[in-house]
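Take a look at the model below.

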Amino acid sequence: MNRIYLDWNATAPLLPEVKAAMIAALDDAPGNASSIHREGQRARSVIERTRRAIARAINAPPQAVVLCGGATEGNNQILRTHAAFAGQKFGKKPLIVCSSVEHPSVIEVVEVLGEQGVQVSLLGVDRLGRIDLEEIRAQLEAGATLVSVMWANNECGNIYPVADIASLCREYGALFHTDATQALGRIEVDFDACGADYMTLSLHKMGGPKGVGAIVVREGIVLEAMLAGGHQERGRRPGTENVPAVAGAGAAALQVVDKLGVWHEALAERRERLLGALTKGLGESFKLRQDPENHLLNTINVAFDKVGGEDLLLALDLAGVSASSGSACTAGSLEPSHVILAMGYEAEDAKRSIRLSFGPLTPLSSIDEAASRVIDAVTRQRALAL
Amino acid sequence: MASIIEQGEACMMPPMEVDIEDLDELVRGRVVVAMSGGVDSSVTAAFVAQKGWDAVGISMRLYATPPSSYTKSCCSPDDLFDARMVADTLGIPFYVANYQDEFKARVIDYFVEEYKRGRTPNPCVACNNHLKFDILLKRSLALGATYLATGHFARIDRSGDVPVMRTGLDENKDQSYFLFGIPREALSRIVFPLGELTKEEVREYASGMNLETAEKPESQEICFVEGRSYRDFLEERIKQGDSVPGKFMHVDGQVLGEHDGIHQFTIGQRKGLGLSWHEPLYVQAIRPEEGTVVVGPKRGLFARGLVAERCNWLSFERPPGILECEARIRYRSKPVKAVVTVGEDASLAMVEFEEPQRAVAPGQAVVFYRGDEVLGGGWIEEARV
């Protein structure tokens, strides 16, 4: 039985170009990028090429790109250093605002800061997961110094109006951060045009390696390091660079530059095909949980009537389809998604959500086969309804 | 450790579509193994996998353990990792099912409530009845399994027309006492692959197969109290104002003192009463209505019989007339000859022992046997003196 991988929002299969670049770096660039000898020079050039590739992929100046260990690290750095230094910079107490559907690497940091006495506030969402700009304005009126709203949501796939939020923040003199991890490679991510002050990225959701990412910082903004002990990334992220991973990230970014348009079309085709097949097989007995207007084409958050999410996920895995639901804890058991809970669903109802996320390279035949396996699993679960 | 990644199948992520050996496509033949991360259930999984059945491991996550606690109690993440590694070694799929809410409601809350009412609960039976052989069994069937396998030391005899439960062959490990509440219809869906083995043999198999859990120590305590005594666990949960304080009363009617709450006492208890008397005193009865703990000499502890409620019968829908059998009133006590008469709906049973029995505790289970056959059982409501 062939396996069909529909969990790209957790992590995506490595692109062949990425794998090749990583292997090449393992072989050809073994030096420490800070060394002045030839081996070091090779490594350094890998890193600088990646910086430029990422800059091109998101339309930002290369100097704005700070390579780091991924979006979780980047999000922590931005939020925590803002909490620590905003007083000096703004001459007023920080007030950090984020949406209640942010990734845990934002929302949980904000909560921790709140427990430590920093003023924080969470923005609610409506039943479709949408944010009300007026609520942001109210927080800005109340003195918000940093607003953090993701570009696209990992669980429901909603795309948020980051350019509008950025200009609203600018109007009030607040900083705006957006985590664009899920947007990269799926929709156009233009750092310059969107007006954000900070952006964070990981590249492994679109075919890059894990454990590498970037913080993108608008010119003129000082980003303090969280760690001391090295000059790398101009002191903003010390530590010897993981050159093969950085090489892979660069290759992934170049693919975005080359293929975004093609990928977007491919996603549209796959979405239509998957939803069409599900509707044909199951009629109206499932509901999508996302903003019908603004969402990533690759993400389908769906609840099937009378079927538990966890039961369905296990059944699907045994049937060779990899999907997900909520977030797994360390031990691997499932909790209801905080995103779906924030949309106002009760815990039991939230647990019915499963997420199917695919990529532009998922074969169309796999989409068809996945739909048929989902329909079978749902039908059998309903027949065996507990 | 041989290697970090066992076999190719362990890493079936990218490239996107890998042909793995076809698991048994058909619904029949799939067996879910309840894996706790202990040696017994690890060997169970190994047996099932070796039989060539389509084995699927599931661990139940029953409560949360703080990461600072390194105690390997059942259900800690470490146990789940152990189970996961065993499943990986065996090359079988493995999942964690989150039953924390159900476990709290059906086992932990029940445990605390029973003590509050002056009774002696049996959380392992409750867990088997409500978690393992109810929701986990149903979920297994929903996953297309034909059987649920667990590492209990008990047997299911399928040689007759209907399956019959028998005790585990290793008398020291027999766990049938905890299994009386399995619905009779479910017996045909359950397998106990360890029922004919001794614990030593299980460990030998585990080391022979290089299972990660081969050397793991036995868990003895009530799993969810985690290293603490169950008394401390209760004290944390039964706050003042919620407990039922009252008097110590001698069986002759004399009041001997006062106590802070009946939850601190169990029938037959001698230690920790804090009473001075010319002969050793034992808790003989607890009257929750007025908070009275009745104490007396050892001879008064013996009961001629008991009343059991919520009986479950494994060998028949209801006993055919008066049942002559052996009754076990606590885990590890020897079954004793008894005569059982059931009420109209067979859920109420009057039990008369051939010889009076010591410390019959309401809240515990009474389980009925005929030789090695497990006939059924019920919950002790009261002792009959």
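How many helices and strands does chain A have? Chain A has twelve helices and 14 strands. Keep in mind that this is a predicted model.

Start with overall dimensions. The C-alpha trace of chain A spans about 65 × 55 × 40 Å along its principal axes. Its radius of gyration is 21 Å, close to the 21 Å that the globule rule gives for 386 residues, so chain A is as compact as a globular protein of that length. Of those 386 residues, 53% count as buried. Now consider contacts in chain A between residues at least 6 apart in sequence. Of these, 71% join residues at least 24 apart.

Next comes helix packing, with α8(A) as the reference. Helix α8 of chain A covers residues 243–282. Helix α1 of chain A, residues 16–28, meets it. The two axes come within 8 Å and cross at roughly 150°. An angle over 145 degrees counts as roughly antiparallel, so α1(A) is roughly antiparallel to α8(A). The crossing is right-handed. On the α1(A) side, the contact is made by A:E17, A:V18, A:A21, A:M22, A:A24, A:A25 and A:L26. On the α8(A) side, the contributors include A:V243, A:P244, A:A247 and A:Q255. By class, this contact has eleven nonpolar, three polar and one charged residues.

Helix α2 of chain A, residues 38–58, also packs with α8(A). Their axes are 8 Å apart, at an angle of about 30°. Angles under 35 degrees count as roughly parallel, which means α2(A) is roughly parallel to α8(A). Here the crossing is left-handed. From α2(A), the contact residues include A:A43, A:V46, A:I47, A:R49 and A:R56. From α8(A), they include A:V243, A:V246, A:A253, A:L254 and A:V257. The class count for this contact is 14 nonpolar, two polar and two charged residues.

A:V243 is listed in the contact with α1(A) and in the contact with α2(A). A:A247 and A:G250 are also listed with α1(A) and with α2(A).

Finally, turn to chain B. B:E236 lies in helix α6 of that chain, residues 230–237. Is B:E236 buried or exposed? B:E236 counts as exposed, because it has 11 C-beta neighbours inside 10 Å; the cut-off for exposed is 12 or fewer. B:A349 is 113 residues away from B:E236 along the chain. The C-alpha atoms of the two residues are separated by 35 Å.

Definitions and conventions
Residues numbered from 1 in each chain as written. Chains lettered and ligands numbered in written order. Predicted model: local features only at pLDDT ≥ 70, side-chain atom pairs only at ≥ 80, totals over all residues. Axes fitted to C-alpha atoms, helices over the stretch in contact; angles between N-to-C directions. Helix = DSSP H or I, 4+ residues; strand = E, 2+ residues; numbered from the N terminus. Parallel < 35°, antiparallel > 145°, perpendicular 65-115°, else oblique. Left-handed = near helix turned anticlockwise from the far one by under 90°. Contact = placed C-beta atoms within 7 Å. Nonpolar A, V, L, I, M, F, W, Y, C, P; charged D, E, K, R; others polar. Buried ≥ 20, exposed ≤ 12 C-beta atoms within 10 Å, placed from the backbone. Rg over C-alpha atoms; globule rule 2.2 N^0.38 Å.
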